[in-house]
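Here is a short report on one protein chain. Look at the structure first, then read on.

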Amino acid sequence: MTAEPLPSPQRGEGQGEGRGYLWRMPTGWWTRKRHYFLYVVREFTALPLALWLLWLLVEIKRAGDGPARYSPHGSTAFVVFSVIVLLFALYHSVTFLSLTGVIIRVKLFDRPLPSGLISLAMFVLWAVASVVIGFVLIWFGR
């Protein structure tokens, strides 16, 4: 006596007759509420930033080949793209750092620090890091 394999259940089986309900996300779901729209825009900001960073890696490689082969990219289109990417990066950073008070929990003497204080500390650290990096870049550029 050989055992026959059981038939695999088809979509909708076991739910009565018919095929069952197939739910699909509406195409423009993210345009219906401002909160959803800003969320999708925030997630999209990583794509142009990644492209710009890949370009930066290519430029670093070209600069490493020596000054004879390197000419910096300064076209108007590239400058406009860089400014847009900077705005995207700032938007992404500000929205993320605003959430740090919700994400990070710090206890001090068995009491949690207020979320606003944690977010403020992250913004201060961001500003300090920006000043230090700017100083180092200017110092090396001399």
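## How the helices cross

α2 passes α3 in a left-handed crossing. This is a predicted model. The axes of α2 and α3 come within 9 Å and cross at roughly 125°. That angle makes α2 oblique to α3, because angles over 145 degrees would count as roughly antiparallel and 65 to 115 as roughly perpendicular.

Which residues of α2 meet α3? On the α2 side they are Pro 48, Leu 49, Trp 52 and Trp 55. On the α3 side they are Phe 78, Phe 81, Ser 82, Val 85, Phe 88 and Ala 89. Sorted by class, this contact has nine nonpolar residues, one polar residue and no charged residues.

Now turn to α1. Helix α1 covers residues 34-44, and helix α3 covers residues 76-103. Their axes come within 9 Å and cross at roughly 120°. α1 and α3 are therefore oblique to each other. The crossing of α1 past α3 is left-handed.

From α1, the residues in this contact are Leu 38, Val 41, Arg 42 and Phe 44. From α3, they are Phe 88, Tyr 91, His 92, Thr 95 and Phe 96. By class, the contact of α1 with α3 has six nonpolar, two polar and one charged residues.

## A buried arginine

Is Arg 42 buried or exposed? Arg 42 has a relative accessible area of 14%, so it is buried, given that buried means under 20%. Arg 42 sits in helix α1. What does Arg 42 touch, leaving aside its neighbours within four places in sequence? Its contacts are Tyr 91, His 92, Thr 95 and Phe 96.

## Aromatic pairs

How many aromatic pairs does a search of the whole structure find? The search gives seven. Two of them are worth a close look.

One is Trp 52 with Trp 55. Their ring centres are 6.1 Å apart and their planes are at 45°, so the pair is tilted. Trp 52 and Trp 55 both lie in helix α2, residues 46-64. They are three residues apart, about one turn of the helix.

The other is Phe 123 with Trp 126. This pair is tilted too, with 6.1 Å centre to centre and 55° between the planes. Phe 123 and Trp 126 both belong to helix α4, residues 115-141. Three residues separate their places, about one turn of the helix.

| Residue | Relative accessibility | Class |
|---|---|---|
| Trp 52 | 21% | partly exposed |
| Trp 55 | 25% | partly exposed |
| Phe 123 | 26% | partly exposed |
| Trp 126 | 29% | partly exposed |

Ring pairs also link Trp 52, Trp 55 and Phe 78 into a cluster.

## The loop between the strands

Most residues other than glycine have a negative phi. Watch for two residues that go the other way.

Phe 109 has a positive phi of about 55° although it is not a glycine. Phe 109 lies in the loop between β1 (107-108) and β2 (111-112). Its relative accessible area is 77%, so Phe 109 is exposed.

Asp 110 is in the loop between β1 and β2 as well. Its phi is near 65°, a positive value in a residue other than glycine. At 73% relative accessibility, Asp 110 counts as exposed.

## The whole chain

Now step back. The protein chain has four helices and two strands. What order do the elements run in, from the N terminus on? The order is α-α-α-β-β-α.

Of the 142 residues of the protein chain, 11% count as buried. Arg 42 is one of the buried residues. Contacts along the chain can also be sorted by separation in sequence. Among those with a separation of 6 or more, 44% join residues 24 or more positions apart.

Methods
Residues numbered from 1 in each chain as written. Predicted model: local features only at pLDDT ≥ 70, side-chain atom pairs only at ≥ 80, totals over all residues. Heavy atoms only, no water. Axes fitted to C-alpha atoms, helices over the stretch in contact; angles between N-to-C directions. Parallel < 35°, antiparallel > 145°, perpendicular 65-115°, else oblique. Left-handed = near helix turned anticlockwise from the far one by under 90°. Contact = heavy atoms within 4.5 Å. Nonpolar A, V, L, I, M, F, W, Y, C, P; charged D, E, K, R; others polar. Phe/Tyr/Trp six-rings, centres within 6.5 Å; stacked < 30°, edge-to-face > 60°. Buried < 20%, exposed > 50% of the residue type's maximum accessible area, 1.4 Å probe, protein only.
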